[in-house]
Every structure is written in structure tokens, then in C-alpha cells.
Amino acid sequence: RWLLPCPHREAPCPASREGTGQGVSWAPATALCGRPCDARDFGHGSLVCACSATYCDTLDPVVLPAPGTYIKYESSKAGKRLERSQGSFQRNAKTPGTHFHLTLDMAQRYQKVKGFGGSVTDSAAINIQSLSKDAQNHLLRSYFSEEGIEYNLVRVPMASTDFSIRLYTYADAEGDFELKHFNLTEEDTRMKIPILQAAQQVAKRPLSLYASPWTSPVWMKTNGAMTGRGTLKGSPGDKYHQTWAKYFIRFLDEYAKYNLTFWAVTAGNEPTAGEIVFYPFQCLGFSPEHQRDFIARDLGPALANSSHRDVQLIILDDQRVMLPYWAQVVSSHGLHRLLLLGAQGGAGRLGPWEQVQPQHPDGRARRGLPIIVDSSKDIFYKQPMFYHLGHFSKFIPEGSQRVGLAVSKKCRRCDLEHSAFLRPDGAVVLVVLNRSPVDVSFGISDPHLGFIEATAPSDSIQTFLWKQPA
């Protein structure tokens, strides 16, 4: 084990707010920079950063650079973890003769970003709460605070999931169409809710929560089981579908008692899973036509007529390859304020850089686990994926809009992946990914500022940030 150096530690950090018992005070400009990674190598090709009750690496607050300059953050298989550097745009008459060149095109505007984040499942809560209070605080600050990667989007399961240690819903009493016996469980009141409240306390940005059910109570389902192939009994508009819609409202009501309000709900997690015979996890099957009619006749009106009428409604919540067809079917009914969500799963080991790539030997799309907990040592490990996600979540706040990049490429082997965003504060963010085992030289041009000569090291990801002229 060793500590990776902070390359910019000799530079004073910008003033930042610190909490005190008497409110908010300002740290002096000479305060130390973010703490470096306590690096560990488990022999899987890259490093992880260890955190405990007494130590955890941190990041500096993001401060926009002076006009005409940029800052760059870099992570790599070789061991860099959001390492910061800075430079200036060049204004020479000729752009550099790089083989790969990116030119910012602000005239092209695409979708806006809602946010980045993860799910507070039962298993996530169990792992977080297996740590000491101080280690838990470090973990939550790593995810949500200004000294971490600033997640702002959190998925909250409605009752049990395939990441639970038991099967349960909130209304398991047979035939309870009035939901008189609806109750949150200890998984909510002792685990998920305290964690969500703690996350809200350390986050600088407001957190957007969205809820997703995996299954209805078994007495509502055609197969009488939480797993396996089955859907709601009856048809949209009947007592089963109306009761299932009320179930959503009761969930929102109960969480509101804990000062937790939601940005959105999804109509159900992975609705196509419930169409699979012998599916091993909690599921509730819906075809796009069935989901469309359930939303139009039951869930949509239930939300509109409740105190949660401003909560957004997300359809599909399944593999993104299905998005076009579901969007066509559901939106064809004239439904409004619907959002689309495509989900992907996760799996991981300690250290592999390759887990930042969306590939898996079984052919399914996967994400590496950002953090792994070792409760026996009161330690958690930040995986390469944690920092990879931070290249987006920390620098691309809600409301940022993807903008165009014109690509000039003069060689076959110098391929890079890239996305550019315009932030609400007018700054530009450019993320560049090099999956290849060789370094790639490239150029960046902003027509208003000049150009940057850059190199993407092998197996690396970089985030560039600069201010646009007023």
C-alpha cells in the first residue's frame, strides 16, 4: 500500500465552506488540498483507494479556471485518480497537426442532463451500515459531497429487490384492496431512510430521488408469486390496477413523513423480466401496451389527483435496446410528462480497470461496482469505476446540455470516445475516453478561445473544463 501524491498540493486551494457548530465559516485560502488516494493493489490490473474511519481521499471543490485557461482531471489504469492539472489555450494562427482533432460546435444542442447517481438498495444499505459511523460518513461524503463525486440522482426501490435478503412488499395481507395494512418495513425505516437523510445532509446539490417497484404483492399477480412469469390480475382500470396505483401513492405519502420527497417514479423495474418463465428474481411483467393503459387509466390519474402531482412518471425502466419501441407505443396514447429510462446491471471484483468498459463475458451490459465494503476491517475500497463515474458526475451538473463536437481524424488507430457539455453556468466540459493500450495525441479547438494540444494516455479518461467568453 502507498499514498499517491497530490500533484497540485503546492498550490493554495480556493476558499471553501466548512460546517461548524455555529453555522458556516470560510476556510482560509491556504487550506490543504484534497487528500490523496491510499492506494492498494489486489493484482487485478489497477489500483483501488482504501478508506477507513480515520482516513479517506478527497477532491477539491470545482472552481472554474480563469478565462483563456482550462483545468484537466485524469484517471488511468496506470494509477491516476482524478489527478488535476491546468493549462492555457493557444492562439497560434494554425491549429496543431494532430491526427485526431475535436472542434466545439455550440450550434448543435442535444439532450439535457438530469444527473448521475446510484441505488440505495437493501444490500447497499446493509453494506454501508456494516461500517463504523465515521467510515459511513466518509463513504457518503465520497459519493454525495463537494469533496467527493457529487452524485445527485438516487434510485429508491419500493420494497424488496434482487438485492434484498428476503422477499417482501408493503401490502402482503391477502385481498387488502384498501391498503389498510400498508406499512413500510425496517429495511426502510432503519436502513434506507437514514442513509438517504444522511446523504441529503452532506450533499451541496439537491438530490433527486426516484422510486421503482420490482413486484406487486403476490395476491395481485396472475402467478401468485413474486418471482417467475406473471403480471397484474385483471385489466387496466379494474380494482387490481387501481390498488397497484394507490400503492405508489402510499409509498410517497410514507416517505414524505420522513421529509423525503421524490422527483419521479418508474412504472416498474424491468417489466420484460416478468414475461420470462422461471425468472429467479422479483418481477412484474408488462408489455408496452399494458403499461401504456395502466398509466393512462390508473397510475397517471392517481398521481394527478394526489399531493404528488408534480412527481414525474418514467416508463420502461429496462434495457435501453427496447427504448424506441416502448416510446412509440406509450407516447402514441397522448400521454404527457412521461420520461424514458433504460437500465443496466452491475458486477465487480477489486481493482480491474476493464470494469469501466460496458462489456461482460456473458454478453450482458454491466457496470463495475464503484465501491466495495470489507466490514471485517471497517474499510471500503473505491474502485476505478468510482473515479470513472466522477469524471461525469462531479463536473456535469443538472441542466447541462450536450453540445456538438466536429471530429477530424487522420489515422485508423487513433480512435477516442468523447462528449462535450455546456453547463448552466456557461462553462464547457469535455470528457475524453481512450480504451486503447497506446497513447493518443489529439487536439481540442474552441473557436472563441483557441486550441489545446493534448495526449490521452493508454486506458485513461480525462475531463477538461473551461469558461466560455461572456
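How many bridges join strand S4 (residues 38-41) to S5? The views below, drawn from a predicted model, begin with this pair of strands.

**View 1. Strands S4 and S5 form a hairpin.** Three bridges join strand S4 to S5, and the two strands run antiparallel.

**View 2. Strand S5 (residues 47-51) is mostly covered.** Five of the five residues of S5 are buried. On one side of the strand are Leu-47, Cys-49 and Cys-51, and on the other are Val-48 and Ala-50; both faces are covered. S5 also pairs with strand S18 (residues 379-382), in the antiparallel sense and over three bridges. Within this pairing, Cys-49 has Lys-382 of S18 as its bridge partner.

**View 3. Nine strands make up an open sheet.** The order of the strands is S7-S6-S24-S21-S20-S19-S8-S22-S23, and their pairing is mixed. Strand S7 (83-88) and strand S23 (450-456) stand at the edges; each has a single partner strand, so one side of each is left without a neighbour in the sheet. On average, neighbouring strands of this sheet are turned by 25° against each other, direction ignored.

**View 4. Strands S8 and S19 pair within the sheet.** Strand S8 covers residues 100-112 and strand S19 covers residues 401-409. Eight bridges link the two strands, which pair in the antiparallel sense. His-101 stands opposite Ser-408 in S19.

**View 5. Helix H7 (residues 384-393) packs on the sheet.** The helix touches three strands: S6 (69-76), S21 and S24 (460-467). The direction of helix H7 makes about 20° with that of S24.

View 6. Is Arg-423 buried or exposed? Arg-423 has a relative accessible area of 11%, and because buried means under 20%, this residue is counted as buried. The side chain of Arg-423 makes a polar contact with the side chain of Asp-425, at 2.6 Å. Leaving aside neighbours within four places in sequence, Arg-423 is in contact with Leu-64, Phe-395, Pro-397, Ser-400, Val-429 and Leu-465.

Definitions and conventions:
Residues numbered from 1 in each chain as written. Predicted model: local features only at pLDDT ≥ 70, side-chain atom pairs only at ≥ 80, totals over all residues. Heavy atoms only, no water. Buried < 20%, exposed > 50% of the residue type's maximum accessible area, 1.4 Å probe, protein only. Polar contact = N/O pair within 3.5 Å; in protein donor to acceptor, adjacent residues only side chain to side chain. Contact = heavy atoms within 4.5 Å. Pairing = 2+ DSSP bridges. Helix = DSSP H or I, 4+ residues; strand = E, 2+ residues; numbered from the N terminus. Axes fitted to C-alpha atoms, helices over the stretch in contact; angles between N-to-C directions.
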